[in-house]
Amino acid sequence: MISAIVNIGQLVTLAGLQRPRVGVELRSLALIQDAALLIEDGRIVAAGAYAEIRTKIPPHAVLIDAQSRCVTPGFVDAHTHLVFAGNRAAEFEQRIAGATYQQIAASGGGILSTVALTRAATEEDLFHAARRHRDWMLRSGTTTIEAKSGYGLERATELRMLRVLARLDAEGPVRIVPTLLAAHTVPPEFAGRRAEYVRWIADELIPEVAAAGLARYCDAFCDDHAFNVDETRSVLTSARRHGMQLRVHAEQFRPGTGAALAAELGAATADHLETATAETLSHLRTAGVQPVLLPGSVFALGRTNYPPARTMVETGLAVVLASDFNPGSSPIASMPFILSLACLQMHLSPAEALSAATINAAWSLGLGGQVGSLEVGKQADILIHEFADYRELAYFIAAPARPRVFVAGREVTP
Ligand code: NIG
Ligand code: FE
């Protein structure tokens with residue numbers, strides 16, 4: 001099947017580099033005006049000015065009229081906690097009244113309240129909740145999602161969460177990249193026996209999950225209220241030995257919690273980094289670890305300590321932007337809203353933010369050769385926006401705009 005998207009006013013290709021963008025490259029979107037895309041069997045076979053592509057469009061091609069609007073790659077959301085039961089609206093209310101996220105966690109709420117609900121939910125319930133949240137993301141243009149376990153913290157529920165992710169991926173159209181996050185917090189039944197919990201993850205759960213092929217990445221929450229650097233190292237080295245790649249929740253609340261370790265272990269990403277120092281950035285730089293910035297969790301926790309994104313760009317780090325969608329610190333499914341926060345609160349330009357949320361995010365998931373840009377050979381994951389100019393994506397804040405969404409060349413607009 002051959003189709004062509006024609007009459008594209010502004011085509012954001014992000015083409016040209018076989019690696020993530022750094023420094024000034026983040027601003028170079030490889031824009032083409034008056035453009036067209038030719039798609040065959042789900043892949044892009046030509047992208048360029050309409051005047052050049054026109055002769056390649058066969059007479060039987062299905063024509064899609066972009067009505068002079070802006071076309072971009074689908075968003076790649078590289079950090080989400082997509083699967084969970086219930087919500088934390090009651091804690092939202094407590095935080096508004098003055099309680100902090102850490103206080104709520106210390107009194108048994110927070111992550112553990114979602115763990116209790118998730119353990120009690122059936123696989124069917126979890127599947128339908130995850131699909132509902134996935135559809136919110138798809139509606140705002142996300143076509144690839146990294147998603148973590150971490151609300152089970154016991155064998156059966158961690159495996160159930162990962163199976164839900166596998167089912168959602170198989171159902172399509174959105175590609176789901178699964179990550180094991182059993183080291184999210186210490187479950188109540190291991191209170192006072194944290195070393196045993198860490199050993200169980202490293203020696204039993206990771207080998208089982210790896211053998212079942214249920215997770216491509218392993219993540220751990222390295223923080224004062226979660227796991228220290230040595231505990232995180234035990235989990236992640238086991239994961240690496242079993243063939244998983246690594247991501248780390250690092251330095252969200254205190255510097256020195258995870259970035260050096262991410263560098264030491266060759267992790268793909270260090271995520272959060274709200275308290276990152278110059279030393280943090282130099283570790284990431286030396287080891288080529290991509291920082292995944294999650295401004296949604298800063299915003300939704302009512303905090304102001306956004307990570308130092310500008311310094312990261314100037315340091316030459318291949319920054320990624322993600323939603324951190326989860327029921328506690330970031331109940332935000334919309335990548336366009338994350339772009340707005342990145343621009344207004346972290347001073348990324350709209351072009352930098354868009355690169356970070358597409359092609360750089362794709363590289364951080366090992367998918368840079370397949371999605372994240374619109375160039376020949378890539379999967380045709382494409383958004384036709386309501387806007388004519390890509391900057392409007394960030395500028396119209398929380399706009400109820402609906403792009404037309406194509407995954408592998410097929411229109412899936414929900
Ligand atoms: O990325 N920081 C730890 N984990 C999540 C929050 C999960 C939750 O509160 O349920 C995060 O912010
Ligand atoms: Fe997270």
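Student: Is T358 buried or exposed, and what is its relative accessible area?

Tutor: T358 is buried, with a relative accessible area of 0%; buried means under 20%, exposed over 50%, and partly exposed in between (1.4 Å probe, protein chains only). A word on the ground rules: this is a predicted model, where local features need pLDDT of at least 70 and side-chain atom pairs count only at pLDDT 80 or more, while totals for chains, interfaces and linings use all residues. Residues are numbered from 1 along each chain as its sequence is written, chains are lettered from A and ligands numbered from 1 in the order written, and side-chain values use heavy atoms, leaving out hydrogens and water.

Back to your residue. T358 sits in the loop between α14 (350-356) and α15 (359-364), where helices (H or I, at least four residues) and strands (E, at least two) are DSSP runs numbered from the N terminus. Its side chain reaches the backbone oxygen of L354 at 2.7 Å. That is a polar contact: a pair of N or O atoms within 3.5 Å, where within protein one must be able to donate a hydrogen and the other to accept it, and residues adjacent in sequence count only if both atoms are side-chain atoms.

Other loops are worth a stop too. G150, in the loop between β7 and α6 (155-171), is buried at 0% relative accessible area. G150 and F221 are 71 residues apart in sequence, yet their C-alpha atoms are 9.8 Å apart in space.

E251 has a positive phi of about 55 degrees although it is not a glycine. E251 lies in the loop between β10 (245-250) and α9 (259-265), and it is buried at 2%. Q67 is also not a glycine, and its phi is positive at about 50 degrees. Q67 belongs to the loop between β4 and β5 and counts as partly exposed, at 48% relative accessibility.

Eight strands form an open sheet with parallel pairing, in the order β6-β7-β8-β9-β10-β11-β12-β13; two strands pair if DSSP finds at least two bridges between them. β6 and β13 (320-321) stand at the edges with a single partner strand each, so one side of each is left without a neighbour in the sheet. Strand β7 (residues 142-148) has 7 of its 7 residues buried, so it is largely enclosed by the rest of the structure. β7 pairs in the parallel sense with β6 (residues 75-77) over 3 bridges, with V76 opposite T144 in β7. β7 also runs parallel to β8 (residues 175-183) over 5 bridges, and there K148 has T179 as its bridge partner.

Strand β1 (residues 2-12) is mostly covered as well, with 10 of its 11 residues buried. β1 pairs antiparallel with β2 (residues 31-40) over 8 bridges, one of them putting L11 with I32. The parallel pairing of β1 with β4 (residues 62-65) spans 4 bridges, and A4 has L63 as its partner there. β1 is also parallel to β5 (residues 70-73) over 2 bridges, where Q10 stands opposite C70.

You'll want the ligand, of course. Of the 15 residues around ligand 1, R88, Y101, Y151, D324 and S329 come nearest (near means a heavy atom within 4 Å). An oxygen atom of ligand 1 is 2.4 Å from a polar side-chain atom of Y101. For S329, an N or O atom of the side chain is 2.5 Å from a ligand oxygen, and for R88 that distance is 2.7 Å. Taken alone, ligand 1 exposes 330 Å², and the protein buries 100% of that (Shrake-Rupley areas, 1.4 Å probe; for residues, only the protein chains shown count as cover). Ligand 1 sits in the largest cavity, as more than half of its atoms lie within 2 Å of the cavity's grid points. A cavity here is a set of points, on a 1 Å grid over the protein atoms alone, where a 1.4 Å probe fits but cannot get out.

Conventions:
On a 1 Å grid over the protein atoms alone, a cavity is a set of points where a 1.4 Å probe fits but cannot get out, and a pocket is an open set with protein on both sides within 12 Å along at least five of seven lines; lining residues have an atom within 4 Å of a point.
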